[in-house]
Every structure is written in structure tokens, then in C-alpha cells.
Amino acid sequence: MAKILVLEDDKKLQNLIKAYLESTGYDVLLASSLKEARSILDKEVPSLVILDLMLPDGNGESFSQEIKEIEEIPIIMVTAKSSEEDKLLGFSLGADDYVSKPFSPKELIARVKAVLRRYEKETQKQKVLSFDSGKILIKPESFEVVIDGKTVDLSRTEFKLLLVLASFPSKVFSRMDLVEKALGYEFEGYERTVDAHIKNLRHKIGDDPKKPHYIQTVFGIGYKFLGKKDVSNI
């Protein structure tokens, strides 16, 4: 199930949202300030962010831009700002939905589900990812990887691992992150099983772990993708 980051400084409302999300089956990460949220995002890649706009150490509008510049994570803004101008500003800054306070927790859950469904469909239709001036192409729709013009035969698991890493260049993923995002919560393996898949993946794409071009080991944490993303996708 998806992992949701709730950034809300009102503890009562924060706990209410958390309770409803968990009762629906979501994992929940909590932050009461931008500082706490940034610390979480350094370690985690949530499936969605529920973002209050008025925070003790800054404003949510700027933070939503910050998120979108780093990760393609859907954002639902939750705020007392309810004018049409406020909503239009929120959407212009990258909000995927906008909920005005006070609101029904059930309505918020319905919006969370709708945004996640939409993102899942968009991910399935994702364009080809191109790196290093087209040296490596990753094609989500056909589960193909092309390196120097030659198609590389990857297993479905290997492809999913590569796609997750390449979708967020330079982002460090823990082994558990990769289990959850690439393999799914139903995956019946252990975190260290990821190492075996990464080893096979590196071999197939011709990546030397001692001098990696694409997949770098971050000791004590996990892995990150090194390829330089081309400005435009094919």
C-alpha cells in the first residue's frame, strides 16, 4: 500500500488524518514543519504528500515547488485558504488537488485514492527515459532497456528496480525502499535479495560496481542511479 507523508502542524488534525489513512490501509509519515518534512524526504520517497500551506517555519506553496523540482510526487494541499485565487495559485505551483479547511476526512481519503489512481495510470503511460545523450533508454510501456542501440534482456524484477532508480536520478534508495516500490509489499523475499538482483542487473547492463556508470552502491544505505537524464524524453 502507498506511503503518505502528512505535513500538518495542527497535532489534532494531523492525528485525525493519520487515523483515517491508516484505517484505509496506507502507511503514514508525519511532519509538523518543513524541517521535519525535508529530513523525511532525504530518506523516504512517499507515494503522495498531504501538505498544509501555513507552517511554523515557512509556507507550503514554496515547499510544493521544492518537492516537484526534486521528485515527481503528487501533492494534495490542505489549507484554510479557500478563495479561487488561492486555489489557482496552488495548482499553478504543482498541486494535484486542493482541499479547503474544514473538510470531511472521508472526502480527503477519496481524493487521495483518486490522485494515486491518476498517477498510477500516468506512470504506466510514462515516456521513454533517456540518459547520457541516448546511450541508455528505458521504455516503461514495453519493459525494454536499450544500451548503445542494443536491447538488453532483463527480468521483470530487474527492470522494475532499474526503472525506480532511474526515475529519480541521484536519489538514494534503501533496500527496503526498493522492495516496496519495485517489488511490492507482497514480495516474499528479504531486503538483501535486492543485492542479488542488482548484481545481475549490473552484469546485464555492463556496469562495473567498482567504477559504476549507472548504479552506485551507497554503503550502509542502498543504491542510487548516476546516469545524466537527457533534457527531453523520446
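Me: Phe131 and Phe225, are they buried or exposed?

Reply: In this predicted model, both Phe131 and Phe225 are buried, where buried means under 20% relative accessible area, exposed over 50% and partly exposed in between, with a 1.4 Å probe and protein chains only. Local features need pLDDT of at least 70 and side-chain atom pairs pLDDT 80 or more, while totals for chains, interfaces and linings use all residues. Side-chain values use heavy atoms, without hydrogens and water, and residues are numbered from 1 along each chain as its sequence is written.

Me: And how many aromatic pairs are there in the whole structure?

Reply: The search finds four aromatic pairs, counting rings of Phe, Tyr and Trp (its six-membered ring) whose centres lie within 6.5 Å, with planes under 30 degrees apart called stacked, over 60 edge-to-face and the rest tilted. One of them is Phe131 with Phe225, edge-to-face at 4.8 Å centre to centre and 65 degrees between the planes.

Me: Which aromatic cluster does Phe131 belong to?

Reply: Phe131, Tyr214 and Phe225 form one aromatic cluster.

Me: What about Phe159, buried or exposed?

Reply: Phe159 counts as buried, at 1% relative accessibility, whereas Phe143 is partly exposed at 32%.

Me: Switching topic, how much of the protein is buried?

Reply: Of its 234 residues, 46% count as buried. The protein exposes about 12400 Å², with carbon and sulfur atoms supplying 51% of that area, as computed by the Shrake-Rupley method with a 1.4 Å probe, where for residues only the protein chains shown count as cover.
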